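Please look at the sequence and the model below. Some questions and answers about its sheets and helices follow.

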Amino acid sequence: MRYDFLQPLSLVLKSFADHRLARYWTCEFPAKWAQPLREQVFRPATADGESEEEKRGIPLWAVNGAIAALMPQVLTHDARARRGEMWLAWAADADEKTPDRALLVEFVKGGLMAAAMHRNQLAQRRGRPPVIDIAALAGVLETFRGQDLKFTRKTLDLGPGADPESSDYSLVPHALATHLCLTDWHVVHGKPESDPAGEAAEEDTDDEDGDGGEDGTAAGPSEDEEEGVTARVVHTTRWRRTAARGGGAELVSWPPHVYVSKGESKVRYPWSYTLRLSVQTRGLEETAQPRLHVRVGMRRWARYNVFDAKRNIGVHLFSPSPWADASSPFGLASMAWHPGPAGKKQGFMGWADDLVPTLKRLGSFDFLPDPAGLAHDPLGFLEPGTGDDGLPREPIAGVPYRPGLGKNTGHAVGDGVSAKDKWRIFSQLVPALAGFAVADEPHVRVPIPSRVRPTAKELLRIDRGALATAAGERVEIVLWCDTTTMRDEALNAVALALELPLDVADQPGQVQTWRQTFALPELEVLLRVEPVGAIADDLELDEKIKRRGDRLKDAGISRQVQVRSRLGQPAPGVTSRFVLVEMRGADGFASVDHDPKMTVRAGAATCGAVTQNLLPPAAAAPDGDDDTEAESAKSQRERTRRAIGDLLIRQSGLIRPPAQQGTTEHQLTDVACLGLWVVRRTGDFRTVMPLAVASVPDRPNVLVRLPHSGWVTYHQALLLLAGWNRPRTFEGPEIQEFFADCVAESCDGGDLALFTLAQNIRSDCPALTNPKLVTDRLAFHPDRPLDADRYKGLRHIRLRTNVRDESAQHFAYGKAGPKDRVGVGGGLWASKDNDRLFFATADKPNTAGPGSPGGSRLEAHQGKNRAKETVWKVDTCKDVWNPQLLELLVAVKQSDDPAAAWAALAHQRRSAAAHFADPVTLPIELHLAYKLGSALLPSHQLEPIEQPESS
């Protein structure tokens, strides 16, 4: 169905300075406390035998979490003890009660001491010396005095024309979340007088009404029982606040809804909705209008034994304090598997942060969970029960479910939130916040040329002439394989992609060295097959080397020598080399440090080759206790073809521009495009490196500009980055100068579209932030704008994704309104408030979940069953897909330009990937720039460009 309007889940904030929740006493963490803590106690790790990965910052987050749990009238903001940042906000009631300084000092003292002792206990159990000097800490804490806390009055007055202060991004969402909890705001799903109920063929639970009980349980069909329906579709969702980290506030529906499986087992699968509130602003507004973005998500609760040896496991703590009220937040903690001393079987499940030890010291809680017991039976702690004294016990803690938490931990409830559920929740949230905000105006569809989706055959076949242009006329392809299954799949994929006269049936029964040359009209292909051997084994780490960076360097050198020896230097005349490596995924190695992928890539780069990894065939678990099934031949074939496509197409920089660009009314031709990017990573192997990717009309591949280089092909750029031995950290002025040079080199008087992603670039280019952005002026530093007379054909489109909720969630509807029907719609949408502001949504991909946008986790809707009959059904168990909203701001254009055409160009360039049928998140120039970062860093360490719809 075609939709005409797109409703963002955002509200325009009004001034509510007169409301009682708008008045606070605020203070900073005293500098006279922070300085000695940093200098004498919580120092960074040193080179004298300490592990550099050991976290040594002031554990203020744990103190903040404990304060929030024990003192609901206090809101916390800064967890780093930074000068000039608000730390605490104490709700100022009508009686003008001042904060209790003595109580706060005791909280800080007890919290820091508890956190320090907990860290020392963990170090001791790992066979390490204490990491915190308790005596030194005690000495510093003795100097803390109540008079050190300096409180000032703050009134939240964030309406039209007001620019938010740093603390407003935390205070306003938490104040509104508190208001919702204190007023018992709830959501009613369905209306019995207007929503007819289908007649169930069989009841899914023993509940005769089919709506669950008073505890909020929800019954529904299992995923393979589409015909199941409820007899009455009315449910109520109530909410509690959580101690959300980062900017914004979070609510979780409580008590959880529960799906009960059909059959004799009656397995209970608890789940909750989540609601994230965040303050956001926009650029190029005549009058600043701060907004409240609302993000609806899912939190499925683990019900069975959970375990993860490599990642922390999140925990929600429900235990109330004696001072708790309806607004008291659930605490957020984490537990982890601690392996104990090397070579000894003394591993244990323990807390991974300091919150629980802090709460134990500061609060009189009835019960805080033991992490081992919680991991063993999370459902037992999540639901009400009976205590050791035989009396009823409230829920204690919950473990959010995620894939990878161990055997048999799957969850029957699907992931994602439908458009119908978003509309239902948002439509009842708006009146609840009527005194604070008003719903944003819907966006209107902009007509653009329809896109023809590439066929499967078009995606599989590579234009050999384009490949010759991008990679040269003599290419070498090396297949390092471990199994004959993946060798044959890889050979078939290469033969199909390049139309090589190759018969895979002639290959031997084992992976052996084999090579052949194919002389084609457009280019010559040298094809090699070799056993991967020890190249794909775990890196051998010397544990005697104390510093992690030195251990990795030592292990990497020997593996690179192996790679260079096996691959050798290119034969005379070879212009580009491509290597496919059959290798386990990250979870297949002993640890992240043992994973050799980056080392193999660096070694291949010294031989002029780029690499792509291919997972071995997945086999069923031998003991039969796991849900893992043997991989199908079709799955192996499809992912091998994707790997070959990425190797030969993406790593050559090949693109397929849209046939038509611009809007239906104003089409664009002969436009060059330039994307500016910063590869960024903090911590180990810190990287802040600018680069640029450009495309020009009639050229099948992009070009790349790196620091200290001219414009090179994408393949050459990958090689330069994989073997990068120059400084990889650039300062703001260097980045700004580099970007200015790239723009100057790309402007030749013709039309040039410049793409930037605000979340990626603005920290180094402050002129692109919302407050500093100026209409039709390109600048990377506010005081140094580029000369407009030199760039006559330049247009700048600044983008924002949903990272940190900066673009809102949404639902679409037609002219009859959302009550008639809601869904998701792909296309370009114009803002009613700003003629330069647009939003883009992608069409639904073939890989999207089967859940209907008009369906619901709780409410019945009409749909087809397997017999193609129209029935009432509830989509409790189906995954739901939602396109994220991409913000497109035409910041610079020429005087006679239609802004919509240039916004449409940015949206259409998302479909220019030659190896994907569906749009990517960003225009192809920025997408390829982002992917270049994987040559410097492992892909999981790259800065995210989007966040999942669910929680």
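Q: In what order do the four strands of the antiparallel open sheet stand?
A: This is a predicted model, in which local features need pLDDT of at least 70, side-chain atom pairs count only at pLDDT 80 or more, and totals for chains, interfaces and linings use all residues. Residues are numbered from 1 along each chain as its sequence is written, and side-chain values use heavy atoms, leaving out hydrogens and water. Strands (E, at least two residues) and helices (H or I, at least four) are DSSP runs numbered from the N terminus, and two strands pair if DSSP finds at least two bridges between them. The order is 15-14-13-18.

Q: Which residue of strand 15 stands opposite His338?
A: Strand 14 (residues 331-338) and strand 15 run antiparallel, joined by four bridges. Strand 15 (348-351) is an edge strand that pairs on one side only. Opposite His338 stands Phe348.

Q: Is Ala372 buried, partly exposed or exposed?
A: Ala372 belongs to helix 7 (residues 371-376), and its C-alpha atom is 7.6 Å from that of Phe348. Buried means under 20% relative accessible area, exposed over 50%, and partly exposed in between (1.4 Å probe, protein chains only). At 40% relative accessibility, Ala372 is therefore partly exposed.

Q: Which strands stand at the edges of the five-strand open sheet, and why is one side of each left without a neighbour?
A: The strand order is 22-23-21-24-25, with mixed pairing.
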